[in-house]
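Please keep the sequence and the structure in view while reading.

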Amino acid sequence: MPTDETLMDHQLTKDSPELKPSPALTLAAALLGFALITLDASVVNVALPSIGSALGGGMSGLQWVVDAYTLAFAALMLSTGAFADRAGASRAYGIGITVFTLASAACGLAPTLPALIGARVVQGVAAAVVLPASLALVRQAYDDPARRARAVAVWAAGGSVAVALGPVAGGALTAAWDWRGIFFVNLPLGAVALALLVRAPRSPRRPAPLDLPGQVAAAVTLASLTFAVIEGGSMGLVASGVAIAAAVAFTRIELRHPHPVVPFGLFRSPTVSVAVAVGAACSVAFYGSVFVFSLFFQQVQGRSALYAGLMFLPMSALIGATNLLSGKLAGRYGARLPMLVGQGLALVGLLLLLYVDETTPAALVAALLVPLALGCALTVPPLTTLMMEAVPAERAGLAAGVLNAARQVAGGLGIAVFGALVAGGFVAGMRLSLAISAALFAVTWLVSFRLAGPASS
């Protein structure tokens, strides 16, 4: 039986032509929200020295400014797809964007570093709700499969461009306004996303099982492990013990729960395992390098935030076009070819960056970052498609959540490890960070040969 709320929505839509669902405006709303939450994963990096000067906290505090968002985003992404189904995608999206916008205001107004980190956690929680809800909105808005596929491609490209432009936008906003500007700019954009949501179709609520014990255990594991890496010392040892205990509990819960947030059976497929491993390597290398070189340009070479942001422009400008090229290559030759080429290109870029030191011209560093960015941009679209094709259709959403969570976790842990390394001596730590990223890509490049070739892709 329809509820009063459903009848009211129907009557408003019927009596008010301007409120009829619009696929184009629904796509715009979903795209804007997705761009906002992905932008916030990278926009803060260039502003970190300014945040440190204003609020203090040292290297570990700056790492938490980034990782508080990333890890909350990653950990809760395992369950928020089910939440979006239970609440309805449009309702979940509205809640997520509202909380994200309010948390952005709290970030911009934060008087202390702990207050900023706390607000970043709330941002990450909201972002985890927005991501699956935004994609569900796009899927619901288009009945025709061909139009829906194009809309999803636009949605995905928007997220890639937002991630790429994050360092540039962060530098420009910090220079023109203040570090607080990178958060305040979310307020009008969030308001626009909510206004566009009025034209989205009302989403039905569907029963979806939740694995709350598994979700809690996963969050405790990730938070404790990150704390151990960033803080170190005796507290780090205690955190390591907590992480191990939580990981054991998580494994036991997932093996017994009828609807686990991470079904380990997925990893029986070599294709799934390779896709997750390659995605994790890309996130460690890309997000870790943006973090390290944002600090390198400013703290080692003494450049301004705006200058540092502009140094990421060459790599950012090519990512969107490379994503599209990668999709075409995968369609023609299968997923393995662009993944192998992409990882090889990223590996070469990382090896070239090992020669960077304090005296290397900033423009040359910017050019050397391009192969890494192009390699990751070539690799990620086909591995995502590969992951989706390796699982039954009814498990596609779950598999997407696992893949995206793994990538976010890898990026967050990469930043934690790399930050700890550069704190002990910047250039030496930077080179060791790049060597770790290169080693990861060397391994995943080799295991990618296990993937099916063109005939089977």
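## A buried alanine and its helix

With a relative accessible area of 4%, A281 falls under the 20% limit and is therefore buried; the model in which this value was computed is a predicted one. A281 belongs to helix α12, and its C-alpha atom lies 9.4 Å from that of A439, a residue 158 positions away in sequence.

Helix α12 covers residues 270-300, and at 1.5 Å a residue its 31 residues should span 45 Å, so the 43 Å between its end C-alpha atoms agrees with that expectation. The helix is mostly covered, with 24 of its 31 residues buried. After α12 comes G302, a residue whose phi is positive, near 70°.

Helix α18, made up of the 22 residues 426-447, extends 32 Å from its first C-alpha to its last, which is close to the 32 Å expected at 1.5 Å a residue. Its buried residues include F426, V427, G429, M430 and S433, and L434, S437, A438, F441 and T444 are also buried in α18.

How do α12 and α18 pack, in terms of angle and distance between axes? Their axes are 10 Å apart and the packing angle is about 160°; because angles over 145 degrees count as roughly antiparallel, α12 is described in that way relative to α18. The crossing of α12 with α18 is left-handed, and the contact between these two helices, sorted by class, has 18 nonpolar and four polar residues, with no charged residues.

Helix α5 (residues 89-109) packs against helix α6 (residues 113-141) with the axes 7 Å apart and an angle of about 155°, an arrangement that makes α5 roughly antiparallel to α6. The α5 and α6 crossing is left-handed, and by class their contact has 19 nonpolar residues, six polar ones and one charged.

The axes of α2 and helix α9 (residues 186-197) cross at roughly 150° and come within 8 Å, which makes α2 roughly antiparallel to α9.

Side chains of opposite charge can pair when their charged atoms come close. How many salt bridges does the count give? The count comes to one salt bridge, and D40 forms a salt bridge with R120 in which the closest N and O atoms are 3.3 Å apart. The pair links distant parts of the chain, with D40 placed in the loop between α2 (23-39) and α3 (48-55) and R120 placed in helix α6, 80 residues apart.

Are the two partners, D40 and R120, buried or exposed? Both D40 and R120 are buried.

F73 is located in helix α4, which runs over residues 58-87. The relative accessible area of F73 is 1%, and because the limit for a buried residue is under 20%, F73 counts as buried. The C-alpha atom of F73 is separated by 9.2 Å from that of V122, although the two residues stand 49 residues apart along the chain.

Methods. Residues numbered from 1 in each chain as written. Heavy atoms only, no water. Helix = DSSP H or I, 4+ residues; strand = E, 2+ residues; numbered from the N terminus. Expected span 1.5 Å × (residues − 1). Buried < 20%, exposed > 50% of the residue type's maximum accessible area, 1.4 Å probe, protein only. Axes fitted to C-alpha atoms, helices over the stretch in contact; angles between N-to-C directions. Parallel < 35°, antiparallel > 145°, perpendicular 65-115°, else oblique. Left-handed = near helix turned anticlockwise from the far one by under 90°. Nonpolar A, V, L, I, M, F, W, Y, C, P; charged D, E, K, R; others polar. Salt bridge = Lys/Arg side-chain N within 4 Å of Asp/Glu carboxyl O.
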